[in-house]
Amino acid sequence: MQLAVPGSSEKMMSKAAGSKADHVFLDLEDAVAPKEKVASRRKIIDALKSLDWTGKTRCVRINDLTTQWAYEDIISVVEEAHEHLDTIMLPKARSASDVLFVDTLLSQIEKKLKIERRIGIEVLIEEVEGMLNVEEIAFSTPRLEALIFGMGDYSASQGIDPKVIAGKSGYPGDAWHYGRWKIAVAARAAKIDAIDGPFPDFRDAETYSEECRRGLLLGFVGKWAIHPAQIEPALSVFTPDPAAVAKARRMVEVYAQAEKDGLGAIAMDGEMVDAATVRMVQDILQRADSAGL
Ligand code: COA
Ligand code: MG
């Protein structure tokens, strides 16, 4: 899961470093007021360098490419803190060329400073143009590590009623289904992560957990937390259930034995196991491995 942290707040960045979040993004975009944008770069650089981020992916969200801040966000943060930074998050990506702008700038900085560890890119799909172009965005550069569905800005871009993101729209069905499905397909095809975006009511853990599950069911590997109260619910949904992992492992063993015995399909506890069912559990096994289960 990814914890959103305003880059203007030293206090929240320090709390984030001490949290259980496994990915933290320090924000220069919407959580930071225009008059704080420039000063927040320095705060973020200092936080990256001075706090203990062990066990966390360290990401900085820059301002979008239509603003006057984006290029200097990248240059100042990466030049000064690249050893303490894993990824840059690009908001409001509309096309592959947006991602390539960030890619090219990063390549130049890496060359100048002889940086050997490549800085990754994560992009937010939160404009209707970005949703239209999500396939080309997903394959834009090998530097890309994640597609994130930003349903707040996306609502504004498409004209979706704000009640939908609050989970109280009465819409028959899940209004995010199409976006999540499309993003998950593009991310899986490009072998990168699909991440679900924000749920604003941080006191409503029940609806938040349900939103986490909806993403998980479609192949998303995480969701944003915008407040520390959302960290535990997200970790609990996205960390694989030990019983399901044990069953998946047994399925793989049973199938391996069946193959040795010359069988393509076999019954396990009244369920059929064949090549496709074994393939379906690979995802949970991978998640279990990365969670060290
Ligand atoms: N990261 C780290 N710490 C956070 C945090 C966050 N995202 N959100 C809240 N906290 C801290 C608060 O500083 C507070 O610390 P304290 O107990 O030491 O005083 C504690 O968690 C409890 O916070 P609370 O008082 O319930 O909320 P708040 O009024 O301070 O903050 C928000 C509410 C919404 C302003 C805040 O959660 C926030 O800024 N979230 C992120 C916004 C963001 O990044 N938006 C862009 C992406 S959508
Ligand atoms: Mg946004």
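Trainee: What are the ground rules for numbering and for the values?

Mentor: Residues are numbered from 1 along each chain as its sequence is written, and chains are lettered from A and ligands numbered from 1 in the order written. The model is predicted, so local features need pLDDT of at least 70 and side-chain atom pairs count only at pLDDT 80 or more, while totals for chains, interfaces and linings use all residues; side-chain values use heavy atoms, with hydrogens and water left out.

Trainee: What makes E126 and D153 ligands of the magnesium ion (ligand 2)?

Mentor: Distance. Donors are N, O and S atoms within 2.8 Å of the metal (3.2 Å for Na, K and Ca). E126 (OE) and D153 (OD) coordinate the ion at 2.0 to 2.2 Å. Water is not among the atoms, so sites may look incomplete.

Trainee: Where in the chain do E126 and D153 sit?

Mentor: E126 is in the loop between β5 (120-125) and α5 (128-132). D153 is in helix α7 (residues 151-158). They are 27 residues apart, and the pair links distant parts of the chain. Helices here are DSSP runs (H or I, at least four residues), strands likewise (E, at least two), numbered from the N terminus.

Trainee: Why is E126 called buried, and D153 partly exposed?

Mentor: Buried means under 20% relative accessible area, exposed over 50%, partly exposed in between (1.4 Å probe, protein chains only). E126 has 3%, so E126 is buried. D153 has 23%, so D153 is partly exposed.

Trainee: What makes the rings of F25 and W224 a tilted pair?

Mentor: A pair of aromatic rings is described by the distance of the centres and the angle of the planes. Rings of Phe, Tyr and Trp (its six-membered ring) pair if their centres lie within 6.5 Å; planes under 30 degrees apart count as stacked, over 60 as edge-to-face and the rest as tilted. The centres of F25 and W224 are 4.6 Å apart and the planes are at 45°, so the pair is tilted. F25 is in strand β2 (residues 23-27) and W224 in strand β8 (residues 222-225), 199 residues apart. F25 is buried at 1%, and W224 is buried at 5%.

Trainee: Why is the pair of F199 and Y208 called tilted?

Mentor: The planes are at 40°, so this pair is tilted, with centres 6.3 Å apart. F199 is buried at 2%. Y208 is buried at 1%.

Trainee: How many aromatic pairs does the whole structure hold, and which residues form a cluster?

Mentor: The search finds four pairs. F149, Y154 and W176 are linked into a cluster by ring pairs.

Trainee: How do you know how α9 and α10 pack?

Mentor: Two packed helices are described by the angle between their axes and the distance between the axes. Axes are lines fitted to C-alpha atoms, for helices over the stretch in contact, with angles from 0 to 180 degrees between N-to-C directions. Helix α9 (residues 205-217) and helix α10 (residues 231-238) have axes that come within 9 Å and cross at roughly 35°. Contact means heavy atoms within 4.5 Å. On α9, Y208 is among the residues that make it, and on α10 F238 is one of them.

Trainee: What makes the crossing of α9 and α10 right-handed?

Mentor: A crossing is left-handed if the near helix is turned anticlockwise from the far one by less than a right angle, and right-handed if clockwise. The passing of α9 and α10 is right-handed.

Trainee: Which numbers describe α3 and α4?

Mentor: The axes of helix α3 (residues 70-81) and α4 come within 11 Å and cross at roughly 30°. This crossing is right-handed.

Trainee: What makes K92 stand out?

Mentor: Most residues other than glycine have a negative phi. K92 has a positive phi near 50° and is not glycine. K92 lies in the loop between β4 (87-90) and α4 (96-113), and is buried at 12%.

Trainee: What is the phi of D269, and is D269 buried or exposed?

Mentor: The phi of D269 is positive, about 50°, although D269 is not a glycine. D269 is in the loop between β9 (266-268) and β10 (271-273). At 60%, D269 is exposed.

Trainee: Why is M268 called buried?

Mentor: M268 has 5%, so M268 is buried. M268 lies in strand β9. M268 and M251 are 17 residues apart in sequence and 7.5 Å apart in space, C-alpha to C-alpha.
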